[in-house]
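Please open the model in a viewer and keep the sequence panel at hand.

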Amino acid sequence: IHMILNSKITLCLNKLFCIDLRALAVFRFFLGLVLLCDLIARLADLVVFYTDAGALSREVVIPRQNNWAVSIHLVNGTAAYQVALFLIHGFCAIAVMLGWHTRLATVFSWFLLSSLHFRGPELLYGADKYLLMLMFWSMFLPLGAKWSLDSVRDPTRHQRPQRICTWASAAILIQTALVYFVTGLVKWPSIAWQEGTALFYSLNVEIMVKEFGRMLLNFPHFLKAGSHAALYLEITGPVLLFFP
């Protein structure tokens with residue numbers, strides 16, 4: 001009975017936490033793409049936020065840092081040094097996208113992203129932290145097993161299983177589910193989300209809204225339905241994810 005029970009538990013865990021290698025390949029490409037786009041967006045404010053000539057000089061940032069914080073971006077405050085780090089980081093992001101020396105590129109991407117975050121913690125918000133967590137779990141996943149330059153050079157690629165189930169695959173699935181589930185729980189007590197007016201109010205924040213958002217203000221019933229849908233999907237979606 002004990003053996004049968006263990007076998008059923010193992011089978012259940014495999015169903016819950018397995019990830020198809022092809023899905024990992026798609027995830028790898030877009031993870032690298034998001035990382036590259038994030039770097040390009042930051043590059044526009046490189047002098048202002050990442051050099052000693054800007055608003056966040058090392059004299060301002062270093063005294064606020066925790067003792068355990070490690071940032072090679074704080075080693076030098078010149079624009080040339082920061083540009084060099086951005087270029088290396090961008091090269092690693094492209095390597096992740098293409099699946100070239102994927103594991104090494106992922107490790108370097110995570111380290112450089114972590115260093116970049118410690119260089120300007122005032123510039124961060126939730127999406128930055130989530131990207132860093134995804135990069136961390138990705139270091140322990142075979143992102144380059146399918147549809148990558150690494151897989152083309154691997155003579156054993158046809159012998160690989162189509163799915164992987166490890167603690168890392170479980171961790172990244174749980175991590176993603178928790179982001180949405182906890183966000184939904186935080187929204188739940190809000191009257192604006194309960195009444196369905198949250199999206200309407202959000203799109204009236206002029207400093208944040210784009211032209212498409214302004215256009216959506218003409219459809220109040222759609223925004224109300226969208227507010228309710230976002231709330232309930234964020235809470236129920238992660239739960240349904242673990243019911244194969």
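## A guided tour of the model

Begin by selecting Cys165, which counts as partly exposed because its relative accessibility is 31%. The model is a predicted one. A disulfide is a covalent bond between the sulfur atoms of two cysteines. How many disulfides does a search of the whole structure find? The search returns zero. Cys18, accordingly, takes part in no disulfide, and the nearest cysteine sulfur to it is that of Cys165.

**The whole chain.** The protein contains 13 helices and two strands. Its C-alpha trace spans about 70 × 55 × 35 Å along the principal axes. Of its 244 residues, 38% count as buried. Among contacts between residues at least 6 apart in sequence, 77% join residues at least 24 apart.

**Helix 2.** Select residues 21-43, which make up helix 2. This helix has 23 residues and reaches 33 Å from its first C-alpha to its last, close to the 33 Å expected. Its buried residues include Leu21, Leu24, Leu31, Leu35 and Leu39. Colour Arg28, Asp38 and Arg42 separately: these residues of helix 2 are buried as well. The buried residues of helix 2 pack against several elements, among them strand 1 (19-20), helix 7 (126-138) and strand 2 (163-164). Helix 5 is also one of these partners, and it is the next stop.

**Helix 5.** Select residues 79-98. Helix 5 has 20 residues and reaches 29 Å from its first C-alpha to its last, close to the 28 Å expected. Which residues of helix 5 are buried? They are Gln82, Leu85, Phe86, His89, Gly90, Cys92, Ala93, Ala95, Val96 and Met97. Show the neighbours of these side chains: the buried residues of helix 5 pack against helix 2, helix 3 (46-50) and helix 6 (102-119).

Move to Gly99, which follows helix 5 and has a positive phi, near 70 degrees. Then select Trp100, in the loop between helix 5 and helix 6. Trp100 counts as partly exposed because its relative accessibility is 35%.

**Helix 9.** Select Gln175, in helix 9 (residues 167-187). Is Gln175 buried or exposed? Gln175 is buried, because its relative accessible area is 17% and the cut-off for burial is under 20%. Leaving aside residues up to four places away in sequence, Gln175 touches Tyr130, Met133 and Trp137.

**Helix 13.** Finish at Thr236, which is found in helix 13 (residues 220-241). Thr236 is partly exposed, as its relative accessible area is 38%. Draw a distance from its C-alpha to that of Gly184: the two atoms are separated by 8.9 Å, although Thr236 and Gly184 lie 52 residues apart along the chain.

Note on methods: Residues are numbered from 1 along each chain as its sequence is written. This is a predicted model: local features need pLDDT of at least 70, side-chain atom pairs count only at pLDDT 80 or more; totals for chains, interfaces and linings use all residues. Side-chain values use heavy atoms; hydrogens and water are left out. Helices (H or I, at least four residues) and strands (E, at least two) are DSSP runs, numbered from the N terminus. The expected span of a helix is 1.5 Å times one less than its number of residues. Buried means under 20% relative accessible area, exposed over 50%, partly exposed in between (1.4 Å probe, protein chains only). Contact means heavy atoms within 4.5 Å. A disulfide is a pair of cysteine sulfur atoms within 2.5 Å.
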